[in-house]
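Please keep the sequence and the structure open while reading.

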Amino acid sequence: MTVIKTIKYILFALIVLSAFIIMILYSNLNYKMHPLKADQNLYSQNIWEINTDSLSKKILSQMSLEEKIDQMYGEKIYKSIPKFFGNFLLKQRFAHIYVGRNERLNIPPWVLSDGPRGARVLDKNVSSVTTFPVAMARAASWNTDLEFRVHDVISKEMRANKTNYAATPCINLLRHPGWGRAQETYGEDQWLLGEFGVAAVKGIEKNNVMACPKHFALNSIENSRWVLDVSLDERTLREVYLPHFKKVIQEGKPASIMTAYNKVRGEYSGSNKELLSDILRKDWGFKGFISTDWMYGIYDGIKAIKAGLNVEMPWQDEYSYNIIREGLNTNLIEEKEIDSLVLTSLKTRLKYAFSYDSIDYNHKLVLDKSHIELARTVAEESMVLIKNEKILPFSNDDNLKIGVIGRLANTENTGDLGSSNSTPPYVITPYIGIKNYHKNSEVILDDGKNIKRSIELAKNLDQIILIVGYTYEDEGEYVMSRGQMLKSAEDKELVGIKGVGGDRINLRLKEEDESLINEISKVNKNLVVVYVGGSAIDMRKWEKNAPAILFSWYSGMEGGNALAKILYGDINPSGKLPFTIAEDPNDYPYFNPYTDSIYYGYYHGYSLFEKYNKEIAYPFGHGLSYSNFKYENFNLVKYNRKDSILLFSVELTNYSDVGGKEVSQLYVGFENSEIDRPLKLLRDFKKVYLNAGEKKIMNFKINKNDLSYFNTEKNKWINESIEYNFYVGGSSENNILLKTSEVIYQ
Ligand code: BGC
């Protein structure tokens, strides 16, 4: 009996397994591509001249309920699951998931591609794309023109790979440096996040690709993202965690936005009416469509419809026919609510399907020489020289003996391998970059694994470049079974088990890296520590022993070449930190990736360190140069009561014999405010090149509305008639900033 039962089980399992294998093989052998643009042959006028708003209404009026629901999720589950997982397993590729295709009504689909550092979804004829430094590195360039150009390239390559919806930029605020996905965002400051987010969205939309900033909202912890409930007060929400989203929505005008997995004040972001309807749509006037993050973005379809969520991705879970029909039958929802969600999506996305393309987006565009050059320029502009005791630039004489030492010295290391992954054709590692640079010197690679050998080697070297830091194994997106996560949350056990990627609880470098720095610096001081990673680290164990420190980040496919040029002075470093580095990591806000609920307070980043007078290691906005810049004569040049803009000027001089770029930062502080406010906040910045000895007048402006705070009783932004302090300088460090004050009447 038991034998027969066992055989039956085995047979059943074999049938299920074979069916799954057949589905995977079928969906991949039969990998169908669909056009994303409207078919010109079906229309008697140029497609880009067609009024897509009226067309959307017409199409909606011709749709059955089922067809409407088909616009509200990705692909049907029986197609998408085998295609999605099959592509990963068989081809290590992310599949094209076609959303909202309707042959009967000639509606072209849209297809998502991730791409914070390069297009992720590849066409079958393409095996690699341009891979840029990660977003945190680019934020450190403080160069929004470059960010625009990077996204122009990424979105061009997305189109060439037959996708038209970019799941980027990530503009979640870096509340704590341990956040696993820190590398995907632009740092701790709302202003910097907003400016970079706008530049990214504009660059993406230039190529008729729909931009989708993410993850709305408060997604700043990785391991517990599916179960975490973030609570915070209204002022903190409006002033700290949302201003950059507001700016990106209102100035960038993206087609879409992606909700976060986590709950905000007790409700999942994907079905959070307050976030989606009250704030995003009503307060900010967002006109595009809202989609969930991928898999388990919502848990209650009816609630999500009521909250105003347009699309569930990547397949139907809660937006199923049964759930929606049942909701209609029981009058929990009305069909006009479905109509309104579908109409918003159609109106938005048909604009792109019917748009005019000024270039032919074909495979030849991918990896164009100019794209690769841009990847190198960005890497050059983003590296941050943290410390330099007259070590750099190194001499670039011939016949030197140079050691490139460390586990990561010759590792192809462009960052996380989760959704932000990108596939470059090659990666210039630090060792290869230095070797390419020095044709007439001996460049020695040493992996640092045998410390005694490394010390002996170091004794005889002219220059030492120590490469330390992390890889995708130490930080990044964290995928675990949601069931496992929910179960541990229910049991009130720790949520998340340390696996590949995820959050960093310990901010220190690996022990072997720390001892390499400490031991080698004892025998040879002509040494630079190059840190590869996505966020702040705890340097207390070795910082004083390192005569020079450079943050090179995950620097993309051309990173090694950029590194060599910086170390040898062909490029003058000009990156500045997009976050504060604490002296003691306990001074950062409370961070726990193993919990299902957390409270976010008002202060974080430099506003926290300044408020509580905490010692820091390196300030927000800090970064050294081979030039010497000086700020003088800072003035408010134009303001009268009727003006909404305040104009400032300052003289900036390069008192050195090397040309270089400086990032000038303008902050505002509040004197005698009726409420508790930060000591200062960033409100403008400029990056400028100055020749040796050159002086330039720099102008800054602030809009009066950017001085306001959110009054929770009146539920609106209020400008106070008080004295404001304005500061300018090359970092947020108070004692180097110039100050001017003015009473501003409203
Ligand atoms: C990530 C998103 C990403 C999506 C699609 C999710 O796991 O959180 O950032 O866009 O996957 O790859």
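## Basis

This is a predicted model, in which local features need pLDDT of at least 70 and side-chain atom pairs count only at pLDDT 80 or more, while totals for chains, interfaces and linings use all residues. Residues are numbered from 1 along each chain as its sequence is written, and side-chain values use heavy atoms, with hydrogens and water left out.

## Nonpolar cores

A nonpolar core is a set of buried Ala, Val, Leu, Ile, Met, Phe, Trp, Tyr and Cys residues joined through side-chain atoms within 4.5 Å. Buried means under 20% relative accessible area, exposed over 50%, and partly exposed in between (1.4 Å probe, protein chains only). The largest core has 196 residues, and the members that touch the most others are Phe216, Ile434, Ile465, Phe551, Leu567 and Phe726. Helix H7 (residues 190–205) supplies the largest share of this core, 8 residues; helices (H or I, at least four residues) and strands (E, at least two) are DSSP runs numbered from the N terminus. Another core, of 21 residues, lies apart from it and includes Val99, Leu112, Cys212 and Ala255.

Beyond its neighbours within four places in sequence, Leu567 is in contact (heavy atoms within 4.5 Å) with Leu392, Pro393, Phe394, Ile434, Ile465, Val528, Leu550 and Tyr626.

## Ligand site

The ligand is surrounded by 14 residues, the closest being Asp114, Arg181, His215, Asp293 and Glu477; a residue is counted if one of its heavy atoms lies within 4 Å. By class, this shell has 7 charged, 5 nonpolar and 2 polar residues.

Oxygen atoms of the ligand lie 2.4 Å from a side-chain N or O atom of Asp114, 2.9 Å from one of Lys214 and 2.7 Å from a polar side-chain atom of Asp293. The protein covers 94% of the 310 Å² of accessible area that the ligand has on its own (Shrake-Rupley method, 1.4 Å probe).

## Two buried residues

Thr653 belongs to strand S20 (residues 645–654) and is buried, with a relative accessible area of 4%. Outside the four places on either side in sequence, its contacts are Asn628, Phe629, Lys630, Glu632, Leu690, Gly693, Glu694 and Lys695.

Ile455 sits in helix H16 (residues 451–459) and counts as buried because its relative accessibility is 17%. Its C-alpha atom is 5.6 Å from that of Ile520, 65 residues apart along the chain. Leaving aside neighbours within four places in sequence, Ile455 is in contact with Glu519 and Val523.

How values were computed: A polar contact is a pair of N or O atoms within 3.5 Å; within protein, one must be able to donate a hydrogen and the other to accept it, and residues adjacent in sequence count only if both atoms are side-chain atoms. Ala, Val, Leu, Ile, Met, Phe, Trp, Tyr, Cys and Pro count as nonpolar, Asp, Glu, Lys and Arg as charged, and the others, Gly among them, as polar.
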